[in-house]
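I am starting a notebook page on a structure that is new to me.

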Amino acid sequence: MRFDVISLFPDMFSVVRDLGVTGRAYKQQLWSLGLWNPRDFTHDIHRTVDDRPYGGGPGMVMMAEPLEQAVDAARASRSDAEPAPVVLMSPTGKRYDQGVAQQLADSTGAILICGRYEGVDQRFIDRCVTHELSLGDYVLSGGEIAALAIIDSVVRLLPGALNDADSALQDSFNATLTGLLDSPHYTRPDTYQGLAVPPELMSGHHVNIAQWRRRQSLALTARRRPDLIVAARRDGLLSKADEAFLKSLDASVIQP
Ligand code: SAH
């Protein structure tokens with residue numbers, strides 16, 4: 001797995017390269033990282049990467065040529081059998097989610113483009129970009145935080161990245177939880193500030209623990225993300241027991 005990132009702020013990527021789960025996976029060579037600064041692909045003394053927008057308006061636009069040359073250099077450094085996707089971080093792109101993370105985790109990686117200012121020249125998008133992804137319905141100052149989120153969420157899915165092989169399987173949105181939200185977690189002490197750990201988790205009875213967690217997931221998802229319940233039902237992923245439990249929930253709990 002290799003990510004190549006085109007960014008005016010390549011230093012920001014030390015966060016995923018050096019720290020935590022992704023840092024450990026990097027040391028284990030589960031993934032590699034290429035950083036490409038469009039400024040290194042300029043040919044004027046000021047190393048200009050942006051200019052004013054045609055048609056007027058505020059802000060600056062990233063110029064096509066330094067971006068395209070950076071993508072060419074990134075492509076040339078890769079050894080994919082198929083050309084790697086060139087993915088622009090963009091609030092106008094498809095919303096990023098766990099399904100896309102899993103697709104990327106099953107691939108050889110991607111070239112991620114981080115915009116800055118008002119965005120990038122459309123002709124660069126038309127010529128070079130194969131996918132556009134949005135982190136969510138809000139505007140960041142640059143694509144770096146979106147690219148960091150993508151790299152982090154993909155790398156933790158790589159086999160061997162997490163200590164406990166099962167722990168990614170139990171996360172929210174995972175297919176083994178049929179796309180539901182995760183259940184609550186507790187650790188020592190047994191009682192904290194007068195609050196006890198739910199007795200089901202203390203029982204040592206694996207079937208009861210699994211049932212408690214499943215019901216917590218169902219109730220939480222019904223309350224906070226009823227759209228995920230609808231999707232799981234549509235995909236035939238809810239058991240009879242799940243449906244019976246959902247029915248038993250107070251109608252007010254199922255309201256979003
Ligand atoms: N004018 C643009 C916003 C530009 S923000 C618009 O209104 O759509 C500058 C850069 O930040 C963008 O080019 C993009 O690369 C990145 N960015 C901002 N918000 C983002 C989001 N929600 N998801 C992914 N990238 C985002």
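The entries below follow that order.

**Ground rules.** I note that this is a predicted model, in which local features need pLDDT of at least 70 and side-chain atom pairs count only at pLDDT 80 or more, while totals for chains, interfaces and linings use all residues. I number residues from 1 along each chain as its sequence is written.

**Overall build.** I looked up the secondary structure and found 11 helices and nine strands in the protein, where helices (H or I, at least four residues) and strands (E, at least two) are DSSP runs numbered from the N terminus. The C-alpha atoms fill a box of roughly 70 × 40 × 40 Å along the principal axes. I then looked up the domains, whose bounds come from an automatic or database domain assignment: domain 1 covers 2–155 and domain 2 covers 175–254, and their C-alpha centres lie 37 Å apart.

**Burial.** I counted a residue as buried if 20 or more other C-beta atoms, placed from the backbone, lie within 10 Å of its own, as exposed if 12 or fewer do, and as partly exposed in between. Of the 256 residues, 26% count as buried. I also checked Asp164, in the loop between helix H6 (144–155) and strand S8 (191–192), and Asp164 is exposed because it has 8 other C-beta atoms within 10 Å.

**Cores.** I took a nonpolar core to be a set of buried Ala, Val, Leu, Ile, Met, Phe, Trp, Tyr and Cys residues joined through C-beta atoms within 7 Å. The largest has 42 residues, of which Ile6, Ile111, Leu112, Ile113 and Ala147 touch the most other members. H6 gives the most to this core, with seven residues. A second, separate core of eight residues includes Leu177, Leu181, Leu218 and Leu228.

**Ligand.** Which residues are the closest to the ligand? I found 19 residues surrounding the ligand, with Met89, Gly115, Leu140, Gly143 and Ala146 the closest; a residue is near if its C-beta atom, placed from the backbone, lies within 6 Å. Strand S5 (residues 86–95) gives the most to this shell, with four residues. I sorted the shell into nine nonpolar, eight polar and two charged residues, counting Ala, Val, Leu, Ile, Met, Phe, Trp, Tyr, Cys and Pro as nonpolar, Asp, Glu, Lys and Arg as charged, and the others, Gly among them, as polar.
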